[in-house]
Amino acid sequence: MSNKIDMKTLEALQQGCHKAFEGVFLAYYGKVKAFIYGYVKSEPDAEELAEDLFVNLWVKHRDIDNTKSFDAFLHTMARNSAINFLKRKYVQEAYLSTIQGQEYGSTSEEELIAKELGLLIDETVENMPEQRRKIYALSRNEGLSNEEIAERLHTTKRNVESQLSLALKEIRKTISCFFVVFL
């Protein structure tokens with residue numbers, strides 16, 4: 001993943017310079033995504049993990065240690081991201097194979113798990129920011145298109161798409177945590 005950036009760019013990134021972050025993103029995104037793809041073997045997953053990595057890099061830009069190799073730092077972040085993803089995926093697949101191996105009829109234990117998961121998802125939606133919660137409800141409960149939601153809430157279609165994406169990401173994270181804790 002070697003793609004050296006100069007110390008000036010790294011220092012500017014640490015100071016929160018958007019232009020420096022953009023330069024780092026453009027220089028490293030393709031290599032980070034390709035590296036993660038080597039682990040996860042899925043283009044969409046590799047893309048999402050690489051994007052999340054750069055979001056985390058921006059959030060923690062002040063924590064970058066410029067006395068150490070930035071390439072090694074990114075390599076470690078990418079490797080950890082891919083490994084954590086694979087661990088979560090393994091747990092989910094193990095759970096699904098366990099469910100599929102059981103009888104077709106649902107047991108009271110399965111009903112309880114489904115009910116708990118439903119309550120957890122409802123709580124996650126309830127704790128979302130107001131606009132995100134409204135957009136999610138209009139999309140999922142009323143079946144409105146993104147354009148219809150944008151019209152009804154006097155916002156842009158892009159904002160609706162972004163808020164739905166964030167809502168679904170929160171819900172996926174909640175479900176993943178539920179399965180990790182449950183199993």
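In the predicted model, Gln163 touches Arg132 and Ile135, residues up to four places away in sequence not being counted. Gln163 is part of helix H8. The relative accessible area of Gln163 is 13%, and this residue is therefore classed as buried, the limit for that class being under 20%.

The domain assignment divides the chain into domain 1 (7-99) and domain 2 (109-182). Taken over C-alpha atoms, the centres of domain 1 and domain 2 are 25 Å apart. Contact between the two involves 6 residues of domain 1 and 7 residues of domain 2.

In soluble globular proteins, nonpolar side chains tend to be buried together. The largest nonpolar core of the model comprises 23 residues, and the members that touch the most others are Leu13, Val32, Ile36, Phe54, Leu57 and Phe70. At least two residues of this core are supplied by each of helix H1 (7-14), helix H2 (18-40), H3 and H4. H2 accounts for the largest share of this core, with 8 residues. For Ile36, when neighbours within four places in sequence are left aside, the contacts are Ala46, Leu49, Ala50, Ala78 and Ala82. Another core, of 18 residues, lies apart from the largest one, and its members include Ile121, Ile135, Ala167 and Ile171. Ile135, a member of this other core, is also one of the residues touched by Gln163.

The surface of the model was also searched for pockets. Rolling a probe the size of a water molecule over the atoms shows where empty space is left. The largest pocket holds about 1,000 Å³ of space. Its lining consists of 30 residues, and those nearest the centre of the pocket are Glu48, Leu49, Asp52, Ser81 and Arg88. Leu49, listed among these residues, is also in contact with Ile36 of the largest nonpolar core.

By residue class, the lining of the largest pocket contains 11 nonpolar, 7 polar and 12 charged residues. Helix H3 (43-59), helix H4 (70-101) and helix H8 (157-182) each contribute at least two residues to this lining. H8 provides the largest share of the lining, 10 residues. Both parts of the domain assignment are represented, with at least three lining residues drawn from each of domain 1 and domain 2.

Note on methods:
Residues are numbered from 1 along each chain as its sequence is written. This is a predicted model: local features need pLDDT of at least 70, side-chain atom pairs count only at pLDDT 80 or more; totals for chains, interfaces and linings use all residues. Side-chain values use heavy atoms; hydrogens and water are left out. On a 1 Å grid over the protein atoms alone, a cavity is a set of points where a 1.4 Å probe fits but cannot get out, and a pocket is an open set with protein on both sides within 12 Å along at least five of seven lines; lining residues have an atom within 4 Å of a point. Grid points are joined across faces, edges and corners, and a volume is the space filled by probe spheres set on the points. Helices (H or I, at least four residues) and strands (E, at least two) are DSSP runs, numbered from the N terminus. Ala, Val, Leu, Ile, Met, Phe, Trp, Tyr, Cys and Pro count as nonpolar, Asp, Glu, Lys and Arg as charged, and the others, Gly among them, as polar. Domain bounds come from an automatic or database domain assignment. A nonpolar core is a set of buried Ala, Val, Leu, Ile, Met, Phe, Trp, Tyr and Cys residues joined through side-chain atoms within 4.5 Å. Buried means under 20% relative accessible area, exposed over 50%, partly exposed in between (1.4 Å probe, protein chains only). Contact means heavy atoms within 4.5 Å.
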